Structure formats: C-alpha cells, structure tokens
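Have the structure open as you read.

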Amino acid sequence: MISKNEAIKLVKNTAKFSHALIASAMMKKIAERLGESSLEWELVGLLHDLDIDEARNNMNKHGIIASEALKGKLPEHCLYAIKAHDHRTGFKPESNLDKALIAVDSAAVLLEHVRRQLMELDVEAVKAQIEVVALEQPWHKRNILKCREIGLSLEEFLLICLGSFEGNR
Ligand SMILES: [Fe+2]
Ligand SMILES: [Fe+2]
C-alpha cells in the first residue's frame, strides 16, 4: 500500500490539495470512532480527488481515472470508494467507507465555504449553514446525512469533522 508521504506527493500539485488534507483528517477521525482502518480511510480522503484536473471536463470519469492510476497502490475496496464518491460515475456507495467518504467530502466543502462567513464554528452554526446551502445545493445535505447510515448522528459527525477541521485551517 502507498505511504502517506507518497500520497501527499501525488496530490500536492492538484487543485484540490487543501480540500484533500481536510477530507483526509476527517476520514481518519471517523475511522477511529468506528474502529475501522484509520490509515486506509485517511489515504482515501487524501486521494479521492487525485484526478480532478484531468476529469474537470469529463466528470463522469471523476474518481475512475484516479482509481485506475492508483491500482496496486490501494486495496480494491478503497479504489471502489473513490469511484463511488461522485454519483456521476454510476458506482453506488455500498460500504461504510464509501458512505463516509461521500459525507466527509460534502462536510469538507461546506466547512471550507462557511469558515469565511462564520466567526465561530460550532455544530449549531454549521447545521444552520447546511440548511442555507441546501436551498441551492441540496445534494450537500443529502451527502452529509449519509453519516446516519454509518451509525453517527448528524451532531456527532459534525463534531468530529469540526475537530479535525480546526487542526487544518
Ligand atoms: Fe470529488
Ligand atoms: Fe472532494
């Protein structure tokens, strides 16, 4: 399996590097909470948007190009999560890892967006922002609520995400 340092080298020059670091920190904490493999989940968070620059004009390949490039470097179930994180590929989320990545991806996007507007980031403020964002981009709320399918309440999920986000601001 690829090391964390090698993974960082791969994503460093992509447009989504800071998003990848945030998603990775969140995935690690969620894995620890659920008793899953924190290294695998961290790497999936780090590498899920690896192909973003190549796939930008062909988003139904987003995640597929990355998983092909990562063949042999990550276990198959991790490659599947990367393919399934964007619904446009047609791969359906099945495992906890697949669902966690979808929830974390939207939570990372949302927190990156609201940190500019909110002085204080707490669970209630973020919950309110989820509703605001849902008016125009309903999929973020839908994605974040996938946390319930992996056994986490929205509050606990956001608390974990906020904790790892603060360390990466
Ligand atoms: Fe993505
Ligand atoms: Fe992403």
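Asp122 has 11 C-beta neighbours inside 10 Å, and since 12 or fewer counts as exposed, that's the label it gets. Bear in mind that this is a predicted model. As for where Asp122 sits, look in the loop between α7 (96–114) and α8 (123–136). Gly163 is 41 residues away from Asp122 along the chain, yet their C-alpha atoms are separated by 9.7 Å.

| Helix pair | Axes come within | Crossing angle |
|---|---|---|
| α2 (residues 17–34) and α3 | 7 Å | roughly 155° |
| α3 (residues 38–47) and α6 (residues 76–84) | 10 Å | roughly 35° |

Take α2 and α3 to begin with. Angles over 145 degrees count as roughly antiparallel, so that's how these two run. The crossing of α2 past α3 is right-handed. On the α2 side, the contact uses Ala20, Ala23, Ser24, Met26, Met27, Lys28, Ile30, Ala31 and Glu32, while α3 brings Ser38, Trp41, Glu42, Val44, Gly45 and Leu46. Sort the residues of this contact by type and you get nine nonpolar, three polar and three charged.

What about α3 and α6? They also make a right-handed crossing.

Key
Residues are numbered from 1 along each chain as its sequence is written. Chains are lettered from A and ligands numbered from 1 in the order in which they are written. This is a predicted model: local features need pLDDT of at least 70, side-chain atom pairs count only at pLDDT 80 or more; totals for chains, interfaces and linings use all residues. Axes are lines fitted to C-alpha atoms, for helices over the stretch in contact, and angles run from 0 to 180 degrees between N-to-C directions. Helices (H or I, at least four residues) and strands (E, at least two) are DSSP runs, numbered from the N terminus. A crossing is left-handed if the near helix is turned anticlockwise from the far one by less than a right angle, and right-handed if clockwise. Angles under 35 degrees count as roughly parallel, over 145 as roughly antiparallel, 65 to 115 as roughly perpendicular and the rest as oblique. Two residues are in contact if their C-beta atoms, placed from the backbone, lie within 7 Å. Ala, Val, Leu, Ile, Met, Phe, Trp, Tyr, Cys and Pro count as nonpolar, Asp, Glu, Lys and Arg as charged, and the others, Gly among them, as polar. A residue is buried if 20 or more other C-beta atoms lie within 10 Å of its own, exposed if 12 or fewer, and partly exposed in between; C-beta atoms are placed from the backbone.
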